[in-house]
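Please keep the sequence and the structure in view while reading.

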Amino acid sequence: MIILGIETSFDDTGISLTEGVGDSVQILSNVVASQANAHQKYGGVYPTLAKQKHQENLPLVFKQSMEGAKSPDAVAVTYGPGLSPCLWQGITFAQEKAKEYGIPLIPVNHMEGHLLTALLYDGEEGKFKTSLAQEYFPALSLLVSGKHTELVLVEGIGKYRVLGKTRDDAAGEAFDKTARILGLPYPGGPEIAAQAAKFQSASQRTKFKISLPRPMLHTKDYDFSFSGLKTAVLYDYQARPEQERQSKEYIQEMAAEIQKAILDVLMKKTFAATNMFNTKTLAIGGGVSANEELRVQFLKETESRGIALRIPPKHLSGDNGAMIALAGYTKWLREEYLPPDAHIEASPKLRLA
Ligand code: KG4
Ligand code: ZN
């Protein structure tokens, strides 16, 4: 079963072909055109520009992902959550392809794509297994991306319960917005991580005594809040003399503290949930799961608690078409697909459960 996966919910145009045989899924091609450079000067994603870029990129990315490949048996496409004009670009393109090839359409929730990419990753380059032994469940999924931060209880594939989510900014957004304050380029996550690594590798002592809040660290729910972090960074930054706040020592120390504050909260809430629900597996997905320090800390903690950690390789952490094709395959296995001429609506606020 060859599935064409199409992803255009935000600022990446992703198209992939995957082949599913029984419970095994293999990525045949996975092409992503990033728009990061185009959005650089806005310090975030500018919807009208993103839509236009998707329109330009889709045929090119499609051509590249189809090179030497077999023709698809179904088209899976993200229909939400995301930016409405961007979602529509992918949906319209998917509908064209479904009609052209006369194959079924499978609408996919972007967050389920991230979740399954983490949970089902087989540890072998580009391979997934869709039949996880019962001993892995219940599982917990921490989804951390540019627009979402969620803890999801997973009873099985397609059986989700959202335990908590962010009340304001997402973890990725906190990285992006604080990076912008420090004058670092978009997307901010990798930039903050790189600056923080320099601080740690230089084993600098805290020269500036920066101390950021850990919002909602001690609340008894599974919700998050990261907007206060951005405000605290802004106040600290503004209170420093120009020369000091532009020094590389300050930026490195601040980046390390930002990353630490975000990870402290993510760790605390996640392991409170693994305790409460006695989960056997932790699956971490979304762009922020590429963060090296996050990987190190969660690996250490899951090992000491005897929890299986599932996390995709870094190049599959961010948005891509393969995650949509993979989730699409699991839906196809459950016979959840639509005819080629089916109407699909973009659903910008689509939820997992
Ligand atoms: O899942 P994703 O690619 O797009 C959305 O669905 O939002 O996530 C993008 C987010 C951005 O906020 C970006 O700054 C963050 O993931 N990110 C990282 C890292 N790489 C990407 N955050 C922290 N550390 C990283 N290494
Ligand atoms: Zn995403």
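## A helix across strands

Which strands does helix α3 lie across? Helix α3 (residues 84–101) lies across β1, β2, β4 and β5, and runs at about 160 degrees to β4. Angles run from 0 to 180 degrees between N-to-C directions, with axes fitted to C-alpha atoms, for helices over the stretch in contact. Helices (H or I, at least four residues) and strands (E, at least two) are DSSP runs numbered from the N terminus.

The model is predicted: local features need pLDDT of at least 70 and side-chain atom pairs pLDDT 80 or more, while totals for chains, interfaces and linings use all residues. Residues are numbered from 1 along each chain as its sequence is written, and side-chain values use heavy atoms, without hydrogens and water.

## The sheet

An open sheet of 6 strands has the order β5-β4-β1-β2-β3-β6, with mixed pairing; two strands pair if DSSP finds at least two bridges between them. Because β5 (105–109) and β6 (127–129) each have a single partner strand, one side of each is left without a neighbour in the sheet.

Strand β4 (residues 74–80) runs parallel to β5, joined by 5 bridges. Thr78 has Val108 in β5 as its bridge partner.

## The largest core

A nonpolar core is a set of buried (under 20% relative accessible area, 1.4 Å probe, protein chains only) Ala, Val, Leu, Ile, Met, Phe, Trp, Tyr and Cys residues joined through side-chain atoms within 4.5 Å. The largest has 48 residues; Leu212 is one of those touching the most other members. Helix α9 supplies the largest share of this core, 14 residues.

Methods: Chains are lettered from A and ligands numbered from 1 in the order in which they are written. Contact means heavy atoms within 4.5 Å. Buried means under 20% relative accessible area, exposed over 50%, partly exposed in between (1.4 Å probe, protein chains only).
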